[in-house]
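Here are some friendly notes to read alongside the model.

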Amino acid sequence: MQQWQERDLKHIWHPCSQMKDYEELPPIVIDHGRGVYLYDMEGKEYIDIVSSWWCNLLGHCNPKINEAMKQQMELLEHVIFANFTHQPAIRLCEELIRILPSGLTRFNFSDNGSAAVECALKMAFQYQYQTGHPERTRFMCLTEGYHGETIGALSVGSMDLYAKIYRPMLMDTLHIPAPDCYRCPYGKCRDSCHCECFAGAEEMFAAHGGETCAVIVEPLLQGSAGMRIYPPLYLKKLRQLCDSYGILLIADEIATGFGRTGKMFAFDHAGVSPDIMCISKGLTGGYIPMAITVTTENIYQAFYADYNEGKAFMHSHTYSGNPLGCAAALAVQKILREDRILEKAEARAPYLHGRLMEALGSHPHVGEIRHLGLINAIELVEDRESKQGFAGERRMGYQIYQRALKRGLLLRPLGNVLYFNPPLVIEENEMDAAVERCAAAVGEILPE
Ligand SMILES: *Cc1c(COP(=O)(O)O)cnc(C)c1O
């Protein structure tokens, strides 16, 4: 394996990494995967508890998805999607309409989450422009939000870690203070509050509502910020507020879609629909990069006109509607439905949370273990009373990550937050093993 690691480091610039760290922790060469497990070249197993950056929905090398892709590959690998179409794309849209929040019926394909966000922003901007509101040029977002790392997506993101250096390149967006339930400034608790913090959104709308075209949110779960969870009531209120100001609501369900939060989409918890929704990560089960920006008939119609009116949405990506991606996504939908994956995941979710609470719930450096669906986030703190986080320089999460890898658990943390976001098919014995390895790794770095 070492030889391959050396060859890798000669050429490859890995994503979101300080490459110097690789001197100490060289890249692990994965040979194959099966279910929730990954295996390196020496045969060592790792439980993929982060679903390989949250996209693996149904396990690695899922036989049914493999089969669907092989069949598609023999027919057609790709075709230009302007003026051409194919059965897998058509069937996929028809399937997704059945599970999406109501009113979302028009599909614009792209090939990664950031691209879907860029598409949503441009679509919202042009919609306002073409419906008599050229003055609506700004976007609102939540602080600590994350929507990807291309320039537009970074502009509506709010995490310094990704955006700070590039600020001079970015759009001037409006940042609404996000709900912070663990450190609630109103002293409320997550399940019984009235979203007192929504006052921040009301103030922002009152001050800038007239110049804003859309607000974008990660519904219920601010993932990259450390799996921060907030109540569905916030989304309901936001829907009403957007309606009263004529502002579009964009749901970034790239991380939350396809059962991650316990329901098919996070917006389902709130019982309302966004105007535009971005989906990607779980869409193809983690097989092929694919994303869709879905919108309403109303928005679609604002672009529908004679060619010379110049109202078309002039936006494209080479790999839009890739047939292999559609075939994988269709297979994912079939499995979710036929194998009743969401119901089974929901039934197992309390078990995972219970095991984590037993193992780490009373640890003096665990502030809280919050959960939504199968997602569990363990927030590490200096001290439970003050909720003070460890200083970033101590790289507490990263140290635990290294120990967990040794024990066979892929637990890539977000700062001081360790989290589980496993494939939905994870079994109880696999949960047991993951919790045990995680607790042991925490114990090595932070003894009780
Ligand atoms: C991952 C993610 C993105 C970006 O998707 P990429 O495919 O990595 O570009 C955007 N928004 C959210 C909420 C995400 O989790």
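1. Let me begin with a pairing in the sheet. Strand β17 (residues 417–420) pairs with β14 in the antiparallel sense, over four bridges. Within that pairing, Leu418 of β17 is the bridge partner of Ile378. Two strands count as paired if DSSP finds at least two bridges between them; helices (H or I, at least four residues) and strands (E, at least two) are DSSP runs, numbered from the N terminus.

2. A word on the basis of all this. This is a predicted model, in which local features need pLDDT of at least 70 and side-chain atom pairs count only at pLDDT 80 or more, while totals for chains, interfaces and linings use all residues. Residues are numbered from 1 along each chain as its sequence is written, and side-chain values use heavy atoms, with hydrogens and water left out.

3. Strand β13 (residues 366–372) pairs with β14 in the antiparallel sense over six bridges, and Glu368 stands opposite Glu379 of β14. The two strands form a hairpin with two residues between them, and Gly373 in the turn has a positive phi of about 60°.

4. Strand β15 (residues 388–389) also runs antiparallel to β14, joined to it by two bridges. Here Asp383 stands opposite Gln388 in β15. The hairpin of β14 and β15 has four residues between the strands, and Lys387 takes a positive phi near 60° in it.

5. How many of the nine residues of β14 (residues 375–383) are buried? Seven are, so the strand is largely enclosed by the rest of the structure. Buried means under 20% relative accessible area, exposed over 50%, and partly exposed in between (1.4 Å probe, protein chains only).

6. Now to the ligand. The residues around it (near means that a heavy atom of the residue lies within 4 Å) are Trp54, Asn112, Gly113, Ser114, Tyr146, His147, Gly148, Glu218, Asp252, Ile254, Ala255 and Lys281. This shell divides into four nonpolar, five polar and three charged residues. In that count Ala, Val, Leu, Ile, Met, Phe, Trp, Tyr, Cys and Pro are nonpolar, Asp, Glu, Lys and Arg are charged, and the others, Gly among them, are polar.

7. Please look at the ligand's oxygen atoms next. An oxygen atom of the ligand is 3.4 Å from an N or O atom in the side chain of Asn112, one is 2.8 Å from a polar backbone atom of Gly113, and one lies 2.6 Å from a polar side-chain atom of Ser114. The ligand taken alone exposes 380 Å², of which the protein buries 83% (areas by the Shrake-Rupley method with a 1.4 Å probe).

8. Helix α5 (residues 113–130) has 18 residues, which should span 26 Å at 1.5 Å a residue, in agreement with end C-alpha atoms 26 Å apart; the expected span is 1.5 Å times one less than the number of residues. At its start, a side-chain oxygen of Asn112 reaches to within 3.0 Å of the backbone nitrogen of Ser114. Of the 18 residues of α5, 14 are buried, so the helix is largely enclosed by the rest of the structure. Gly132, with a positive phi near 90°, follows α5.

9. Trp53 belongs to helix α2 (residues 51–54), and its phi is positive, near 60°, though Trp53 is a residue other than glycine. Are they buried or exposed? Trp53 counts as partly exposed at 43% relative accessibility, whereas Trp54 counts as buried at 6%.

How values were computed
A polar contact is a pair of N or O atoms within 3.5 Å; within protein, one must be able to donate a hydrogen and the other to accept it, and residues adjacent in sequence count only if both atoms are side-chain atoms.
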